[in-house]
Amino acid sequence: MSPTSRRPDVVPRREAARAWWKVSLQTFGGPAGQIAVMHREFVDERRWIGERRFLHALSYCTLLPGPEAQQLAIYLGWLLNGTLGGLIAGSLFVLPGYLAILGLSAIYARFGDTLVITALFAGVASAVLAIVSQAVVRLGRRALINPFLVALAVGSFAALSVFDVPFPIVIVAAGIAGWMASTRHPEWFDSTTRPGAQHDEAAEQAAPLIADDALHGEPPSGRRAAKILLIGLILWVTPVLIAAATAGSDSVFVTQGKFFGLTTLVTFGGAYAVLAFVAQRAVEVYGWLTAGEMVKGLALAETTPGPLIMVVEFVAFLGAYRDPGGLNPWVAGVLAATLVTWVTFVPCFVFIFLGAPHIEQLRGNFRLSGALGAITAAVVGVITNLAVFFALHTLFEQVERHRIGPASFNLPVWSTFSPPATAVAALGFVLIFKLRWTTLRVLATCALVGGIWYAVVDLRT
């Protein structure tokens, strides 16, 4: 039996599927929280994936358009169980969020008010602050192993938060810096050379139970690449073609399928980087929903499992519900939401299945490792920037942008400070960092506390 034929079975598929289902129920808090959940599950607890292998995969996913956390899930699933494992991991990663957004979209379309939903999830956003902060701490401890990488993380944070440098430029610059530095100082990117590494008990305890060579791998080839591209393209465009043939080329289904399908190919920098464009087109050009409803949709996406880009499902549901053509509005809404989810996430599978074999073969290339290590350091700065952004918009109702020369800053309007949100966030920090509760327990507790506050205080006003 060849190594390739036995590698997908190193972890039983049923056990892996159960693990991915568990992860899928905890994917709150955007990419930072989702990456933290996967790291804890597969690196710290189950120890199926090694630390360096995890960061190597994460660095590659950061370079791709689309939700990097979901792509990381596909990559890890592929390492553990081959193509089928990648399909299972990637599909389960978005399934709970798809069902949650679908149900909430239907409730909003029917009642026009999210009062009950707001009460239910009032404390979740505050709890997410602690989850994202935990991701920054954990990733930073492992990725920032010397002053050079720390400087890259700080520089990335400043470039994004102060100077409005586009995300792709930050990542490319970090990769070039790492590539150049690795030619002269390869030891900077070796985690075993950091001070105290040989006596790091936590690192020893987190050593993977599965050797790197036992994980799945496939030799890259032109024939394999052509096959993946062909199958992926057919799966991606076929639903839109069926919609055009049955509902007409000018139907809302085709318009949404083409718009969101093409948008997913340019979503570098995560959901926040593309949501401004999506909101402008969905509200002002297509009229699928109002600006206020777009904000509500984002709030729902932030407080439900799955990638933040799932907000497009809410947009699609309302757009088709209000312009169903000859269909029942409910049927139209469900079909549109499903179609848009499909065209948004199918390319993610193609990117991983196409590129992962090449990335795996380059693991021994110290220049590439240096570039990816630098990118991982930059990601720490990116996640920190997201954490600050999320904290400002959670703890304050209004945030204003102030510019001083080439620099600009997001500053809160202190009169809009929310003591209850701050109190729930503090509770989340205690539960995670002090008591070390699981993500699900923290989210449930904070949701209960926040919901009680909302019901008792806000409903009286």
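Trainee: Which residues does Gly248 touch, not counting residues up to four places away in sequence?

Mentor: This is a predicted model, in which local features need pLDDT of at least 70, side-chain atom pairs count only at pLDDT 80 or more, and totals for chains, interfaces and linings use all residues. Residues are numbered from 1 along each chain as its sequence is written, and side-chain values use heavy atoms, with hydrogens and water left out. Touching, or contact, means heavy atoms within 4.5 Å. Leaving out residues up to four places away in sequence, Gly248 touches Ala243 and Val254.

Trainee: Where is Gly248 placed, and what distance separates its C-alpha atom from that of Gly325?

Mentor: Helices (H or I, at least four residues) and strands (E, at least two) are DSSP runs numbered from the N terminus. Gly248 is in the loop between α11 (222-247) and α12. Gly248 and Gly325 are 77 residues apart along the chain, and their C-alpha atoms are separated by 9.5 Å.

Trainee: How are α12 and α16 oriented to each other?

Mentor: Axes are lines fitted to C-alpha atoms, for helices over the stretch in contact, and angles run from 0 to 180 degrees between N-to-C directions. The axes of α12 (residues 252-263) and α16 (residues 329-361) come within 9 Å and cross at roughly 25°. Angles under 35 degrees count as roughly parallel, over 145 as roughly antiparallel, 65 to 115 as roughly perpendicular and the rest as oblique. Therefore α12 and α16 are roughly parallel.

Trainee: How many nonpolar, polar and charged residues are in the contact of α12 with α16?

Mentor: On the α12 side are Phe253, Gln256, Gly257, Phe260 and Gly261, which meet α16 residues including Leu335, Leu339 and Val343. Ala, Val, Leu, Ile, Met, Phe, Trp, Tyr, Cys and Pro count as nonpolar, Asp, Glu, Lys and Arg as charged, and the others, Gly among them, as polar. The contact of α12 with α16 divides into 8 nonpolar, 4 polar and no charged residues.

Trainee: How are α4 and α5 oriented to each other?

Mentor: The axes of α4 (residues 51-63) and α5 come within 9 Å and cross at roughly 135°. By the cut-offs given above, α4 and α5 are therefore oblique.

Trainee: Which α4 residues make the contact with α5?

Mentor: By class, this contact has 9 nonpolar, 3 polar and 2 charged residues. The α5 side consists of Glu68, Gln71, Leu72, Tyr75, Leu76 and Leu79, and the α4 side of Arg53, Phe54, His56, Ala57, Leu58, Tyr60, Cys61 and Thr62.

Trainee: What is the class make-up of the contact of α2 with α5?

Mentor: Helix α2 (residues 13-24) and α5 pack at an angle of about 35°, with their axes 9 Å apart. Among the contact residues are Trp20 and Trp21 of α2 and Ala73 and Leu76 of α5. The classes come to 13 nonpolar, 3 polar and 1 charged.

Trainee: What share of the protein is buried?

Mentor: Buried means under 20% relative accessible area, exposed over 50%, and partly exposed in between, with a 1.4 Å probe and protein chains only. The protein has 19 helices and 2 strands. Of its 461 residues, the buried share is 51%.
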